[in-house]
Structure formats: C-alpha cells, structure tokens
Number of protein chains: 2
Amino acid sequence: MEQLQYHEGRTEISQMGKVALIERITDGFRNVNTSTVCSIGDDAAVLGEGPRKTLVSTQTLVEGVHFDMMYTPLKHLGYKAVAVAVSNIAAMNGTPRQVLLSVAVSNRYSVEALEELYAGVRLCCNRYDIDLVGGETSSSCAGMVLTVTALGEAEADRITYRSGASLHDLLCVSGDLGSAYAGLLVLEREKVTYQANPSFQPDLEGFDYVLERFLKPEPRMDIVELLRKHDVVPTAMTDVSAGLADSALHICRASRCGCEVYEERLPIDYQTSRVCSEMSKNMMPVSCALNGGHDYELLFAINQKDYDKIKTMSEVHIIGHITEEGMPAVMVTPQNTTIELRAQSFQGLDE
Amino acid sequence: MEQLQYHEGRTEISQMGKVALIERITDGFRNVNTSTVCSIGDDAAVLGEGPRKTLVSTQTLVEGVHFDMMYTPLKHLGYKAVAVAVSNIAAMNGTPRQVLLSVAVSNRYSVEALEELYAGVRLCCNRYDIDLVGGETSSSCAGMVLTVTALGEAEADRITYRSGASLHDLLCVSGDLGSAYAGLLVLEREKVTYQANPSFQPDLEGFDYVLERFLKPEPRMDIVELLRKHDVVPTAMTDVSAGLADSALHICRASRCGCEVYEERLPIDYQTSRVCSEMSKNMMPVSCALNGGHDYELLFAINQKDYDKIKTMSEVHIIGHITEEGMPAVMVTPQNTTIELRAQSFQGLDE
C-alpha cells in the first residue's frame with residue numbers, strides 16, 4: 001500500500017520520449033515579446049525585430065552521461081562543448097558569433113585541469129571566429145557539468161527551420177554517418193579491457209578517424225558556407241546529433257511530411273564498417289548511422305531546382321526525398337523493403 | 001615522493017578567488033566580432049551593432065551547492081533559477097526578454113517533479129513578461145543542475161556597467177541586505193533539528209519574510225523601472241548575489257576607485273536581526289549583509305546631481321560614496337573605525 005502510494009502519479013522520465021516530455025513540461029508557456037520569432041522546437045531560437053536575426057541555443061554535457069573522463073582529454077572536451085553548441089547555429093544556416101560557458105566542477109578537478117578545458121574552448125573559438133563573452137564556474141558535488149550557450153546571426157530570409165520541407169524535396173546529408181558512434185564503441189571496448197587489466201596498452205591504431213569524430217567533432221560551418229556560396233537555401237535543416245533517424249523524424253514532424261532514405265545512399269566510412277565487423281555482437285554500420293548519434297553532420301532538404309548545384313558538392317550526399325503528409329519516415333533497403341525509422345526521442349524507453 | 005609528484009603543478013580551485021580564477025582560465029581569449037561590445041567581467045555581456053543592444057548572461061544552480069532539496073520546493077526553485085538570471089539583466093539596467101533553461105536530472109526525479117519545476121519557471125516568466133525560448137533536459141548521474149541563460153535589451157547609452165563610478169558618486173542599494181542569508185540560516189537550523197528527530201515539526205513562524213527572500217527572490221526590475229521613470233542612469237551598477245562586500249569590490253575594481261559605506265546606513269530587516277540574535281554563535285546582522293549573499297538587490301553609484309531624485313525613493317538607500325583610485329573599499333562603523341571589505345571571490349579560501 002505504501003509502495004503504491006509512493007508510485008501514485010509518478011511517471012518515470014525514462015518512460016517518455018524527449019519530444020513528448022518537452023511538450024508536456026512546456027505546456028502553458030506563451031510568448032509575449034515581439035522580438036521572439038521562434039522559440040522552443042528547433043535547433044536554435046530566433047530573436048530580434050529587424051531583418052537580421054539573433055540565433056541562440058544551449059547545450060549541456062554531463063560527466064558520466066555525455067562524456068567519460070577515462071578517455072576524454074579535457075582539451076578535447078572543451079573543444080567539443082563549443083562545437084556541439086555551434087552546430088545548432090550551423091543547423092539554422094547562421095553564423096556563430098559568441099558563446100557563454102558555465103562549468104560546474106567538483107574538487108577532484110584542479111585549476112590546471114580547468115586551464116586545459118579552456119584551452120580547448122579557446123581553440124574552437126579561434127577556429128570559428130567566436131568570442132567567449134561570459135559564463136560561470138561553480139562547484140558541483142560530483143563530476144563536471146558543462147553548459148554552452150551559442151549565439152549567432154542570420155538574415156531572416158536565409159534561416160533554415162526544421163519546418164520548411166515540401167513534397168519531392170531532396171534529402172541531403174553532409175560528411176558521413178555513424179563514425180562518431182564507432183569511435184565511442186572503440187573507446188568503450190578499450191576501457192573494458194583496461195579495467196580488466198590496467199597494464200594493458202589501448203590499441204587505437206587505425207581508428208584515428210572515428211576517434212576524432214567522437215572526441216573532437218566539427219560543426220559543419222564549411223557546408224553552411226558552401227551552400228551560401230552556391231546560393232542554395234535548404235528548405236529545412238537540422239544537425240545530426242542523435243542519429244539520422246532522429247533528425248529525419250524531427251524534420252518530418254515539423255514539416256508535416258514523410259520521407260524515404262535509401263540505405264545504399266547512406267555515407268558510411270570504411271573505418272566505421274571495420275569497427276562494426278570487429279565488434280562481438282555483429283553491429284551493423286547502418287545502425288550506427290541511423291541511431292548512433294554524435295555525428296554533428298547537417299541533414300537538410302532542398303528544392304529539386306537546386307539539384308545541379310548540390311550534385312557537384314563532394315561532401316554533400318543526396319540520400320532520399322520528402323514524401324507527402326501522413327506518410328512515415330522510412331529507409332528503403334537494397335532489397336526494396338521499407339523499414340520505418342525510429343528514434344529514442346520519439347519513443348520512450350519503455351514503449 | 002609519489003605524494004609530491006601527484007601534487008606537483010596541482011593548484012586547488014578552492015585556493016584561488018573566483019576573480020583570479022576567471023582571469024587565469026580566460027587568459028588568451030581575444031574578441032574578433034564587432035558585435036561583441038562587452039564580454040567577460042560584468043553582470044551580462046553586451047552584444048549588437050546598432051544603438052539597441054542585446055544583453056546576455058548565464059547562471060547555474062547546482063543541487064547540494066546552491067540548493068538543498070530537503071527544504072527547496074521545486075516550484076520555488078524554478079522561479080529562483082529564472083529570477084537570478086534576470087537579476088543580471090536588471091543589473092545592466094536592461095529589460096529581460098527571453099530565457100533558455102537547461103536541466104540535468106537524475107532518475108530520482110519524476111516527470112511530475114519536472115512539471116513542478118517548470119510551473120515555477122512559468123510563474124517567473126509571466127511575472128516579468130519573459131519568453132522561454134529554448135533549453136534542454138538531460139540525464140545526470142547525481143542530483144539536479146540548472147543553467148538559465150537570460151537575454152534582454154537596452155539602449156546603448158542607458159546600459160550600466162560596473163566600471164562607470166567616479167569620485168564622490170553616491171553609493172545606493174535597493175531593498176534590504178542579509179535577509180536571504182538569514183532565511184538560509186533558519187532553514188539549515190530546522191534541517192539539523194529534523195535530521196536529529198524526524199517527528200519534529202519545523203518552526204518557521206514569524207520568518208516568512210526571510211524565508212521567501214531566500215527561496216523565491218525577485219529581480220529588482222521595479223527599481224530599474226523607477227530609475228527610468230525618474231530619468232536616473234546610475235554611473236555603475238551590479239546585483240548583490242554574494243553579499244554587499246563582493247558587489248562593492250566588483251564596482252571598485254572595475255571603476256578603479258575605492259568606497260566608503262556606513263554601517264548604520266545599511267538597510268537590515270528586523271527579521272534578519274531576530275534570526276541573528278537567536279543563533280547560537282552570536283551572528284551579527286551586518287555580517288549577513290556584507291557576506292551572506294543571495295539578496296539579488298541592486299548596488300549602484302549615482303552622480304550627486306541625482307541626489308534629489310533618489311532621496312524620495314523609499315526602496316533605495318544611500319549607504320556611502322565613491323572614493324579615489326588607490327583607496328580601499330571600507331565600512332565605517334558608528335564608532336568611526338574603518339573596516340576593509342573582504343569577499344571570497346577576491347580572496348581564495350586558503351589565503
């Protein structure tokens with residue numbers, strides 16, 4: 001009875017997908033400021049009265065959840081914290097300008113450790129011409145929590161929301177998919193081996209690409225600039241932070257459409273395939289691409305009129321197209337069977 | 001020897017004052033964007049090319065460090081998280097417009113708990129006409145970490161930096177000081193008693209004011225509006241988040257000046273005095289005011305020409321004046337002795 005009362009009205013966060021959770025907890029919020037153009041539900045908020053808008057987005061990295069200090073150099077971590085926040089500005093087709101960094105750390109960390117972290121932050125800021133304009137350092141009871149807020153700017157008519165995709169638009173992705181997750185798999189494997197035998201030397205040779213993809217991702221500002229140079233404005237865009245399936249579902253939900261992506265079109269690096277074949281549980285590279293996450297590539301839809309411009313871009317891959325409202329988001333296999341895309345944000349763990 | 005090597009080059013964060021720590025870790029950062037008007041070192045960053053500027057500031061609250069779930073209602077916590085971030089916008093003489101909220105929570109918290117938290121966020125947003133435009137929810141390994149980024153706006157020529165105070169300016173503070181810390185003392189006392197005997201009913205009667213000051217502070221937007229109405233632009237301003245001494249030292253450091261504040265002028269509520277007299281260790285109310293913190297009042301300097309306007313404001317107290325460069329920041333007692341102000345951010349714990 002006491003047990004029952006304790007659980008009465010208690011819903012576990014893990015039972016809900018993130019999309020439903022955010023909808024539930026932000027229910028009842030109404031915007032009142034004319035400078036709020038777009039708020040919750042895209043990669044960044046869009047603010048400002050004039051034609052030139054401010055983009056703002058925030059991203060949190062938690063030790064033990066998003067990173068493991070056993071294999072994360074602090075300098076890489078600082079770089080990554082800025083990179084993933086800036087990726088949200090890239091996903092809106094904007095230019096990053098400033099970041100604020102809040103760090104909560106336990107007394108396990110020294111001043112020298114913080115200096116390493118900030119050296120990585122500085123490296124990423126320098127690389128992308130971003131100013132560090134604020135933030136905070138505070139104590140934590142356990143571990144490290146980093147929150148980066150990124151600000152950027154964009155002309156109102158060049159901002160890419162998740163919601164603008166139309167029927168027959170082509171679906172494109174930059175770079176390759178699944179390699180960051182493959183890097184994570186290698187790091188986790190070596191960690192387990194090391195824990196079993198601390199005299200063991202980690203074997204990371206031949207995995208430099210996938211490791212870098214996980215430990216030190218780059219926001220695809222080069223793609224934003226390439227599209228700008230060719231005067232292509234995607235009809236919809238988001239970054240690939242939690243796998244292709246998650247990103248595709250976000251675009252479909254916001255644009256009220258379905259999509260088809262072709263398995264054989266998915267760009268997958270040979271190192272990703274190699275890692276998968278070495279894993280004991282027969283991991284499929286396509287699973288890394290669909291649900292692995294951490295890639296920070298850009299997924300975007302373009303109008304077919306832009307096809308000739310896109311096809312010359314070696315780092316951009318056309319992987320499918322937008323289908324009509326009411327249709328699901330699916331992957332078509334080489335055998336021509338269709339598999340509906342699923343992602344954890346849209347389905348709770350217990351569903 | 002091993003012990004020595006372990007400590008070689010290791011500086012404890014607690015050894016350094018926050019001011020010196022931030023200077024050290026942000027050394028080498030250079031701003032490159034013309035839209036960055038003011039970055040690290042004030043209550044908020046100032047951004048934008050035109051005459052109307054964007055203000056942005058971020059604030060983190062960590063469970064077990066900034067709040068104790070034993071006596072913090074989640075709705076109050078949500079309210080406070082927004083309020084303390086907005087206080088930074090008030091301190092720049094700006095108007096808050098948007099906030100972003102990042103929440104990292106362990107599985108100890110339910111969806112209903114998050115709803116309570118967001119109900120408090122919504123209440124504060126409604127109270128101050130602020131839009132919630134983004135953020136994130138993520139998992140944490142232990143406890144809750146909240147990061148709020150607040151955005152606001154202000155005309156460039158009405159922004160109040162910490163750095164504008166001049167010799168003979170009057171030093172003013174809003175509301176009263178030390179009451180939030182007195183509230184914290186009451187809560188901590190009742191917690192200890194409860195832990196010793198869980199059947200014990202907390203005795204909070206007669207402490208409603210100091211408890212509310214700690215649990216649900218208000219950013220002093222009413223003071224910002226009052227000053228605006230009377231066309232007073234302070235020469236320097238900051239909020240009182242870590243005690244009057246800390247805020248006064250920040251203004252003196254940024255403005256390259258000293259100051260004198262008069263002990264008998266410090267506004268202290270009778271409940272604060274009552275709490276202090278009840279405490280076993282003979283706490284002085286003036287210590288709560290100088291170093292207690294959590295008040296979120298505004299400390300500001302005004303030119304003497306504005307004295308006639310200020311003296312009619314019942315919620316604004318003139319507590320001292322600015323002295324010349326090279327002079328220390330001091331408090332003058334009724335016995336006419338001077339005591340140099342000290343604050344933890346400026347002195348490491350071990351100094």
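Two strands pair if DSSP finds at least two bridges between them. Strands (E, at least two residues) and helices (H or I, at least four) are DSSP runs, numbered from the N terminus. The model is predicted: local features need pLDDT of at least 70, side-chain atom pairs count only at pLDDT 80 or more, and totals for chains, interfaces and linings use all residues. Residues are numbered from 1 along each chain as its sequence is written, chains are lettered from A and ligands numbered from 1 in the order in which they are written, and side-chain values use heavy atoms, with hydrogens and water left out.

**View 1. Strand β4 of chain A and its two partners.**
Strand β4(A) covers residues 95-105. Of its 11 residues, 10 are buried. Buried means under 20% relative accessible area, exposed means over 50%, and partly exposed lies in between (1.4 Å probe, protein chains only). One partner is β5(A), residues 131-139, which runs parallel to β4(A) and is joined to it by 8 bridges. Here Val99(A) has Leu132(A) of β5(A) as its bridge partner. Another partner is β6(A), residues 144-155. β4(A) and β6(A) run antiparallel, with 10 bridges between them.

**View 2**
How many of the 11 residues of strand β3(B) are buried? The count is 9, so this strand, residues 52-62, is largely enclosed by the rest of the structure. Strand β2(B), residues 45-47, runs antiparallel to β3(B), and 3 bridges join them. β2(B) and β3(B) form a hairpin with 4 residues between the strands. In that hairpin, Gly48(B) takes a positive phi near 120 degrees. β3(B) also pairs with β6(B), residues 144-155, through 11 bridges in an antiparallel arrangement.

A salt bridge is a side-chain nitrogen of Lys or Arg within 4 Å of a carboxyl oxygen of Asp or Glu. By this rule, the count over all chains is 50. One of them joins the side chains of Arg189(A) and Glu278(A), at 3.0 Å from N to O. The pair links distant parts of the chain: Arg189(A) sits in helix α5(A) and Glu278(A) in helix α9(A), residues 270-278, and they are 89 residues apart. Arg189(A) is partly exposed, at 24% relative accessibility. Glu278(A) is partly exposed too, at 38%.

**View 2. A salt bridge between two loops of chain B.**
Arg108(B) and Glu63(B) meet through their side chains in a salt bridge of 2.6 Å, N to O. This pair also links distant parts of the chain, 45 residues apart. Arg108(B) belongs to the loop between β4 (95-105) and α4 (111-127), Glu63(B) to the loop between β3 and α3 (74-91). Is Glu63(B) buried or exposed? Glu63(B) counts as buried, at 14% relative accessibility. Arg108(B) is partly exposed, at 46%.

Glu190(B) and Arg189(B) form a salt bridge, with the closest N and O atoms 3.2 Å apart. Glu190(B) is buried, at 8% relative accessible area. Arg189(B) is partly exposed, at 25%. In chain A, salt bridges that share partners make one network of Arg213(A), Arg220(A), Asp222(A), Asp295(A), Glu297(A) and Glu315(A).

**View 3. Positive phi values in two loops.**
Arg256(A) is not a glycine, although its phi is positive, about 50 degrees. Its place is the loop between α8 (244-255) and β9 (258-262) of chain A. Arg256(A) counts as exposed, at 58% relative accessibility. Asp129(B), also a residue other than glycine, has a positive phi near 55 degrees. Asp129(B) lies in the loop between α4 and β5 (131-139) of chain B. Its relative accessible area is 49%, which makes Asp129(B) partly exposed.
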